[in-house]
Amino acid sequence: MKDAAKHITCPIFIVAGRQDRLVPASHAEMLAKAVSGPVELLMVEDGGHNANNRPYRYRSRSADWLAERFGLPKI
């Protein structure tokens with residue numbers, strides 16, 4: 001991903017869990033720094049892999065981010 005990240009120019013929303021034991025949170029931080037386009041990183045401090053153990057901490061923000069990209073009103 002290191003070489004490919006610089007070619008990402010579209011908006012990207014990255015969600016990561018700080019307590020992820022499969023993919024270190026630092027990888028999400030490196031990806032966020034390496035992409036060329038607009039990026040938002042949401043680090044779920046008590047989240048595990050993909051922060052799936054804390055969906056309430058990221059799902060509504062993910063939906064809002066997508067709505068903003070598509071020009072839709074927040075619900």
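**Close-up views of selected residues**

**View 1. E45 is partly exposed, with a relative accessible area of 47%.** The model shown here and in the following views is predicted. E45 forms a salt bridge with R18, and the closest N and O atoms of the two residues are 3.2 Å apart. This pair links distant parts of the chain, 27 residues apart: R18 belongs to the loop between β1 (12-17) and α2 (25-34), whereas E45 belongs to the loop between β2 and α3. R18 also counts as partly exposed, at 31% relative accessibility. In the whole structure, a search finds 7 salt bridges.

**View 2. A salt bridge joins E40 and R61, with the closest N and O atoms 3.0 Å apart.** The two residues lie in distant parts of the chain, E40 in strand β2 and R61 in helix α3, and are 21 residues apart. E40 is partly exposed, with a relative accessible area of 26%, and R61 counts as partly exposed at 22%. Both residues belong to a network of salt bridges that links E40, R61, E68 and R69.

**View 3. D46 and R54 form a salt bridge in which the closest N and O atoms are 2.9 Å apart.** The relative accessible area of D46 is 28%, so this residue is partly exposed. R54 is likewise partly exposed, with a relative accessible area of 26%. In general, side chains of opposite charge can pair when their charged atoms come close.

**View 4. N50 has a phi near 60°, a positive value in a residue other than glycine.** N50 is placed in the loop between β2 (39-44) and α3. Phi of A51 is also near 60°, again a positive value in a residue other than glycine, and A51 is found in the loop between β2 and α3. N50 is partly exposed, with a relative accessible area of 40%, whereas A51 counts as buried at 0% relative accessibility.

**View 5. A5 lies in helix α1 (residues 2-5).** At 2% relative accessibility, A5 counts as buried. Leaving aside residues up to four places away in sequence, A5 touches L31, A34, V35 and S36. A5 and A25 are 20 residues apart in sequence, and their C-alpha atoms are 16 Å apart in space.

**View 6. L66, F70 and L72 make a nonpolar surface patch of about 340 Å².** Of these residues, L66 is found in helix α3 (residues 59-70). L66 is partly exposed, with a relative accessible area of 44%.

Methods:
Residues are numbered from 1 along each chain as its sequence is written. This is a predicted model: local features need pLDDT of at least 70, side-chain atom pairs count only at pLDDT 80 or more; totals for chains, interfaces and linings use all residues. Side-chain values use heavy atoms; hydrogens and water are left out. Patches are made of residues with over 30% relative accessible area and no salt bridge: like charges are joined within 9 Å, nonpolar side chains (Val, Leu, Ile, Met, Phe, Trp, Tyr) within 5 Å. Accessible areas come from the Shrake-Rupley method with a 1.4 Å probe; for residues, only the protein chains shown count as cover. A salt bridge is a side-chain nitrogen of Lys or Arg within 4 Å of a carboxyl oxygen of Asp or Glu. Helices (H or I, at least four residues) and strands (E, at least two) are DSSP runs, numbered from the N terminus. Buried means under 20% relative accessible area, exposed over 50%, partly exposed in between (1.4 Å probe, protein chains only). Contact means heavy atoms within 4.5 Å.
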